[in-house]
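Student: Can we go through this one together? I'd like to begin with the metal site.

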Amino acid sequence: MSRLKKTLLYVSAAIVALAAVGAIFKDDATAKARKKEKPAKYIFVMIGDGMGATQVAAAESYLSYKAGKLGGEQVTFTRFPVLGLCTTFSANSNITDSAASGTAIATGNKTNNHFLGVAPDGTPLKSMAYAMHEKGYNVGIMSSVPVNHATPGAFYAHRKDRNDYYEISLEIPESNFEFFAGSGILDFNGKKGNLEDIDKVLESKGYDVCYGLGELAESDDESGVVVIPASQKKEAALNYEIEHDEDPAEEDRLGEVLEAAIDYLGDDEPFFIMCEGGEIDWAAHDNNITEMIDAISRFDEAVAVAYEFYLEHPDETLIVVTADHETGGITIGSDKGYMVDWNGIENDSLPADKDMNEKERNRAFSVAHNIGWTTFDHTGAPVPVYAIGKGAEKFAGRIDNTDIYGKVVCE
Ligand SMILES: [Zn+2]
């Protein structure tokens, strides 16, 4: 037997032994302790789509550069006391998409890529939002990308195809959840444009569709709201983000939307909020380093809002910040020596090479500053989990994305 084979054999035996020890721990201490405990009264599950450890490290390296340092600056959530590392593979691939990983986080079950809120055989799965709603919690689902996109959809919808946008938004009123927000609603009147405008449908089912936080402030509807940006009233079409409207008066930042959601849901009754920074993933797919850092900063503004709330209710609040997967295979350092050149990262223009498309030019731009990307797609890299508050300690160590459900819901 070769030395490598012997080593592998030894490692396998060790894994079996460890698994047995793990099973004992799970059966006794953990499960018993968990049965007794109750979920936090206020729960924030915050998902930076595509936000791996190096995306966060790049944002902090940039913040440090702005502060005249080589490192040490931090976003809000990396200061949280608990850090875990989460595996993300799906039921049919070692590289997940947002539908399968959103479903894993939301329901505790692996499913196939592109499947949303259903098992590989199509069986509907119950998300933690429904579980908490059943326990009497008010529920808010919000994203900086469209409200019927994969990650928010995983918390309320059940479709075998994540691209069934119109049908996914029809599940908003089915959920009876109190608060929804996003940068718009994809397939506003169906894929072919021949169905009833979705805002009319939602209104007919008892939801107040508010175009911008201004309209929300004036709404006296207490049965349920869907908040999309004011600009959507004119366009009612696919747009990029909540925040990137040309008219700043029409701009609702994710943090402001989260603040509005907390106001709407109130702190007399318990609430569960899922808040997604969705454009981190979109910028990373484009290998656009500047947009990606901007998106992480905006997401962090929302985390800071949740953290402020935590400081007022430290014994009753849980905040979990994680990602559904890593996007772009970003690296700090890319064959240009031992220094990232942050200078000019916001202002330099892209290389004018006619043979490159925009993504390739974004990548060349990043590499010129010594930031590398290995793909325009997702990767199978594990993602960090940051947690603070009641029950936060359960998120420490090496976990899988399907473990998050039980740790939040306490089942
Ligand atoms: Zn993606």
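This is a predicted model: local features need pLDDT of at least 70, side-chain atom pairs count only at pLDDT 80 or more; totals for chains, interfaces and linings use all residues.

Student: Which protein donors does the zinc ion have?

Tutor: Asp 281 (OD), Asp 281 (OD), His 285 (NE2) and His 378 (NE2), at 2.1 to 2.4 Å from the zinc ion. The angles among the four donor atoms run from 56 to 150°, and the site is irregular.

Student: How are the donor residues of the zinc ion spaced in sequence?

Tutor: The spacing is D-x3-H-x92-H. Asp 281 belongs to helix H11 (residues 279-285) and His 378 to strand E12 (residues 378-379), so this pair ties together parts 97 residues apart in sequence.

Student: Is Asp 281 buried or exposed?

Tutor: Asp 281 counts as buried because its relative accessibility is 5%, under the 20% cut-off. His 378 is buried as well, at 13%.

Student: Changing topic: what does strand E7 pair with?

Tutor: Strand E1 (residues 42-48) pairs with E7 in the parallel sense over seven bridges, with Met 46 opposite Cys 275. Strand E3 (residues 138-143) also runs parallel to E7, joined by six bridges; there Val 139 has Phe 272 as its partner.

Student: And which way do the E7 residues point?

Tutor: Phe 271, Ile 273, Cys 275 and Gly 277 point one way, Phe 272, Met 274 and Glu 276 the other, and all are buried.

Student: Which residues touch the most other members of the largest nonpolar core?

Tutor: Met 46, Phe 155, Phe 272 and Ile 289, out of 109 residues. Helix H12 (residues 289-312) gives the most to this core, with twelve residues.

Terms used
Residues are numbered from 1 along each chain as its sequence is written. Side-chain values use heavy atoms; hydrogens and water are left out. Buried means under 20% relative accessible area, exposed over 50%, partly exposed in between (1.4 Å probe, protein chains only). Helices (H or I, at least four residues) and strands (E, at least two) are DSSP runs, numbered from the N terminus. Two strands pair if DSSP finds at least two bridges between them. A nonpolar core is a set of buried Ala, Val, Leu, Ile, Met, Phe, Trp, Tyr and Cys residues joined through side-chain atoms within 4.5 Å. Donors are N, O and S atoms within 2.8 Å of the metal (3.2 Å for Na, K and Ca); water is not among the atoms, so sites may look incomplete. Four donors count as tetrahedral if all angles lie between 85 and 135 degrees; four count as square planar and six as octahedral if opposite donors are over 155 degrees apart and all others between 65 and 115; anything else is irregular.
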